[in-house]
Amino acid sequence: MRILANDGLNEEAVTLLKKEGFTVETEKRSPEDLLGEIGDFDALLVRSATKVTRAIIEAGTRNGGKLKIVGRGGVGTDNIDLEAAKECGVIVKFAPNGNTNATAEHALGLMFAVARRVPMAHHCLKGGVWHKKRFAGSELMGKTLGIIGCGRIGQALAAKALGIGMKVVGYDLYRMQDSNVDYLDSIDEVLKVSDFISLHTGGKTAIITEREFALMKPTAYLINASRGSNVSEAALYNALKNGIIAGAALDCYEKEPKLEGEAFACSLHELDNIVMSAHLGASTQNAVRKTGLEIAEVVTKYLRRGDFGNSVNVGETVEEEGKRIYSLFITHEDKPGMFGKFGTALGDLGINIRENNSRFLSDSVQTVYVVHQEPNEAVREKLMAIPGVKRVTF
């Protein structure tokens, strides 16, 4: 099987895939080249640079195309047409854990930087001028951190913030039972009580606009290391310019350059109460290594064993499909044709098979079928009548 890592892949991950018997190519294809070549690959691995459009997915699956899976190194899948993938029978998976710590650390670093005004003082000293009183800052210890989006990265940041003596509150649509966050019932409540607000949520529309800035403390700092679209930059400019909030630190923006070294125009440049970095949240050697290894493992599990873990356009488990399921246990001889006979027998009884797992025992095989219809005695009798079946239970 052939795998195309179109946004690159670290050598350790490439080695892992090759050991599994895959052919791996890392030479970047343009969108036009992808349209012509993607049908020859079984898997497409991307990060944020490659846009996996409907046209690319359809090109990978029509006329005998081999494309089976798109793997996203990282969390966000905004650059992948998930619905088109589902319609074309292509599974989309992500590798969410590799950059969790790196992004959480970067968010915390941005908090320190803007609160203690480190980049401003650095810039001043680099210019040959000594200022101390001008850059008096704020401590994080004892302050309240409000996290909007309390998933993997939000929880990791919360743990770090608690470790330096901050109080952590947050809002998320889904509340984890074992959480580092004290959940509040709305974003508004988080904004009103927090000294620092850190965003860690997806989406394509702004959740922080003029209305939200008006709810925040005039001493509050906004941190955004998630999606540029989460914050209205026009509203942020106004809030910083007019002292509605004390400061902000951004790692992502509404419009970002596509190429390294490209010019970056932004009205926020002229302000002296903002810290800016170039989408560096996941840009550490550790994160690149861990994310590469994770996506390699995720794709391998699917191509070799049909494992749906880490899927984002289908349920990771059968239970997530929302339909009632039942388990059917069959102990039988390990010989060719058994699964075919089981499928025929269950089909004759109108039973739909959703999944099956099988393992070798001492002198036989134990197979567990997950089905949508409740098994009964008629099912047991029909399966027991198959030569080689030793036991059937449900």
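This is a predicted model: local features need pLDDT of at least 70, side-chain atom pairs count only at pLDDT 80 or more; totals for chains, interfaces and linings use all residues.
**Reading a pocket and a helix face**

Colleague: How should I read a pocket in general?

Modeller: Rolling a probe the size of a water molecule over the atoms shows where empty space is left.

Colleague: Which element gives the largest share of the lining of the second largest pocket?

Modeller: Strand E14 does, with five residues.

Colleague: And how many nonpolar, polar and charged residues does that lining have?

Modeller: Eight are charged, six polar and four nonpolar.

Colleague: Now to helix H12. Which of its residues are buried?

Modeller: Buried here means under 20% relative accessible area. In H12, which spans residues 338–348, that picks out Met338, Phe342, Ala345 and Leu346. They line one face of the helix, because they fall within an arc of 95° when seen down its axis.

Colleague: What do the buried residues of H12 pack against?

Modeller: Strand E14 (353–360) again, along with strands E13 (326–332), E15 (365–371) and E16 (389–393), and helix H13 (377–384).

Colleague: What is the phi of Gly350, which follows H12?

Modeller: The phi of Gly350 is positive, near 75°.

Colleague: And what about the chain as a whole?

Modeller: It holds 13 helices and 16 strands, and 44% of its 394 residues are buried. Among contacts with a separation of 6 or more, 65% join residues 24 or more positions apart.

Methods. Residues are numbered from 1 along each chain as its sequence is written. Side-chain values use heavy atoms; hydrogens and water are left out. Buried means under 20% relative accessible area, exposed over 50%, partly exposed in between (1.4 Å probe, protein chains only). Helices (H or I, at least four residues) and strands (E, at least two) are DSSP runs, numbered from the N terminus. The arc is that of the directions from the helix axis to the C-beta atoms. Contact means heavy atoms within 4.5 Å. Ala, Val, Leu, Ile, Met, Phe, Trp, Tyr, Cys and Pro count as nonpolar, Asp, Glu, Lys and Arg as charged, and the others, Gly among them, as polar.
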